[in-house]
Amino acid sequence: MAKITFITQDNIPVTVEGESGSVMALAVDNNIAGIDGDCGGVCSCATCHVHVAKDQFSLVGEASEIEKDMLELDDSTDDYSRLCCQIDITDELDGLVLTVAG
Amino acid sequence: MKKHLSPDPFKNTRATSGCAHMDDQNDPVTMILRLKDVRKTAHNWKTFQSGATPGRIVIPSEVKIRDTRQIPFEVDPPLHGSFRALLDPWFKRPLEADYKAKLSTQIKALVENVLKADKVETVAEFSLCLQSHALTLLLNTDGSEADTWIGWGTHVFRSEHDPLDGNKAALLYDYIDAQIKSAAINPRHDLYSVLLAAQVDGKKLTFDEIKGIMILTFAGGRDTVINAVTNTIAYFAENPESLVRLRNEPEIIGRAIEELIRYFAPLTQMGRVATEDTQVCEHAIAADSRVSLCWASANRDESVFESPDEVILDRKLNPHVSFGFSHHNCLGATHARQIMRILIDTLIEKVSSIDILDCEENIETLGEFSRKVGFHRLNVKFNPR
Ligand code: HEM
Ligand code: FES
């Protein structure tokens, strides 16, 4: 079980709980604004872009090459960007804070 | 060769050169074949514009057969973004429960109907019907309109043998003119009326802008959906074990949809016009010349996709570009994905197997390449469970 907080575009933090599956699916199930997950999580749409809190980045780790290539062409990408369909929920993610990219 | 297969004609040229050249009515095109280059070019709208002369970014070019600018397709940022902000919410309606229920009713009825027949011509009697009925939901227009559109046949935008015969499209243009005018007199709850009432950047839309949006909604969602659905039927006909697998593992249906759409790439390519002298993967591109973003080739890029020529239903990492990439990514993708989802759910529930009786492939000629994009004719027998 992990509690994950999403900070949406209007700066409103929403904390939700998940057990398994991807962080994108958790966000979509909870109607987190700005996470659409159009491609269902196969890394093809970039509608699940989040910025990970700097000091927590090691929890989720680096993106794969394929994911980095997607992020490279997203104008709001920074060093802490991830496509959250590529992050699996585990207990270790408890307390994770993600800012939805705009 | 198995009939569902869609061979990759770009393989060698993609690996050795990355680009290819094709002529099209004396307005040549440099085809961009690698995934990374396709994505970069699609993203770089300043150098590779969509807002050129109407019809020029389409291949074969439609410059000689139309003047109406298709919107948002032939508009560049920032105005493009304003149109998308207006249109995006409407085109996300396929995610709503009510929309899904109605689409499901339509597709179930169609599948039940074809199950009764000894022989079904998939393109005209299944895919076109499915596409037309589904479009009434997307436009939120009267269901009976579908019969009019089905009556136009599969070749309403181009004659079968002469892609530059503009007369064909007149039927659609006149129809859309009449629809906009009648919605202006008696407002309804459909897309025409929504556009008539809307503003973009503080201004009401002109008649031609509304027409440009509606034409694109008809044109962009017709052959693409027909190809996606017809190829999917051919795939399941020759891979009955896949129907069984999806029945047993419904959790992979989402991935299966993306994979079928990657593999079949229902839209082969789309053009852009260079605004300055530039280059793509070391090939010089002159200002005011055309390039194409070859989605079909990019989807088979072996530097990104493992076993790119195989349909791997549960492919986990699948950064395909069948719905385009970046600013102009497909506005109808939510609708198209919902069609695929409900089609597969319905086939799993009601169909045990599909037999292909005979077929005629639809092969596009693109310079040195021939690509199978779908079928002109696919006669099948659907067998019930
Ligand atoms: C499987 C089916 C479909 C495929 C493979 C497909 C593919 C594409 C592709 C590759 C683009 C990008 C064009 C570019 O970059 O210039 C695109 C754009 C577009 N598509 Fe689709 N499409 C499909 C279904 C639909 C449907 C059902 C509709 C609407 C009824 C639609 C409407 C549009 C529109 C309006 C655009 C332009 C978006 C923009 O310029 O911002 N498409 N489509
Ligand atoms: S959901 Fe499409 S890339 Fe993450």
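## Chain A overall

In chain A, 49% of the 102 residues are buried. The model is a predicted one.

Chain A contains three helices and five strands, and their order along the sequence is β-β-α-β-α-α-β-β. Its radius of gyration is 12 Å, close to the 13 Å that the globule rule gives for 102 residues, so chain A is as compact as a globular protein of that length. A box of roughly 30 × 25 × 25 Å along the principal axes holds its C-alpha atoms. Of the contacts in chain A with a separation of 6 or more, 63% are between residues 24 or more positions apart.

The chain carries 4 positive and 20 negative side chains, with the centres of the two sets 7 Å apart.

Strand 3 of chain A covers residues 49-52. His49(A) and His51(A) point one way from the strand, while Val50(A) and Val52(A) point the other way. All four of these residues are buried.

Strand 3 pairs with strand 4 (residues 81-83) of chain A in the antiparallel sense, over three bridges. Within this pairing, His51(A) stands opposite Ser81(A). Strand 3 also pairs with strand 5 (residues 96-100) of chain A, again antiparallel and over three bridges. Here Val50(A) stands opposite Val100(A).

## Chain B overall

Chain B has 385 residues, of which 56% are buried. Its secondary structure consists of 14 helices and twelve strands. A compact globule with 385 residues would have a radius of gyration near 21 Å, and the 20 Å of chain B agrees with this. The C-alpha atoms fill a box of roughly 60 × 60 × 40 Å along the principal axes. Of the contacts in chain B between residues at least 6 apart in sequence, 70% join residues at least 24 apart.

## A buried aspartate in chain B

Asp177(B) lies in helix 7 (residues 167-185) of chain B. Its relative accessibility is 17%, so Asp177(B) counts as buried, the cut-off being under 20%. Apart from neighbours within four places in sequence, Asp177(B) is in contact with Phe207(B) and Lys211(B).

## Backbone exceptions

Most residues other than glycine have a negative phi, and most peptide bonds are trans. Ala46(A) is not a glycine, yet has a positive phi of about 60°. Ala46(A) is in the loop between helix 1 (23-29) and strand 3 of chain A, and counts as partly exposed at 21% relative accessibility. Glu282(B), also not a glycine, has a positive phi of about 70°. Glu282(B) sits in the loop between strand 8 (278-280) and strand 9 (283-285) of chain B and counts as exposed, with 77% relative accessibility.

Chain B also has cis peptide bonds. One runs from Ile59(B) to Pro60(B), with omega near -5°, and another from Ile71(B) to Pro72(B), with omega near 5°. Pro60(B) is in the loop between strand 3 (48-49) and helix 3 (79-91) of chain B, and Pro72(B) is likewise in the loop between strand 3 and helix 3.

Definitions and conventions:
Residues are numbered from 1 along each chain as its sequence is written. Chains are lettered from A and ligands numbered from 1 in the order in which they are written. This is a predicted model: local features need pLDDT of at least 70, side-chain atom pairs count only at pLDDT 80 or more; totals for chains, interfaces and linings use all residues. Side-chain values use heavy atoms; hydrogens and water are left out. Helices (H or I, at least four residues) and strands (E, at least two) are DSSP runs, numbered from the N terminus. The radius of gyration is taken over C-alpha atoms; the globule rule is 2.2 Å times the number of residues to the power 0.38. Buried means under 20% relative accessible area, exposed over 50%, partly exposed in between (1.4 Å probe, protein chains only). Contact means heavy atoms within 4.5 Å. Lys and Arg count as positive and Asp and Glu as negative; His and the chain ends are not counted. The place of a charge is taken as NZ of Lys, CZ of Arg, CG of Asp or CD of Glu. Two strands pair if DSSP finds at least two bridges between them.
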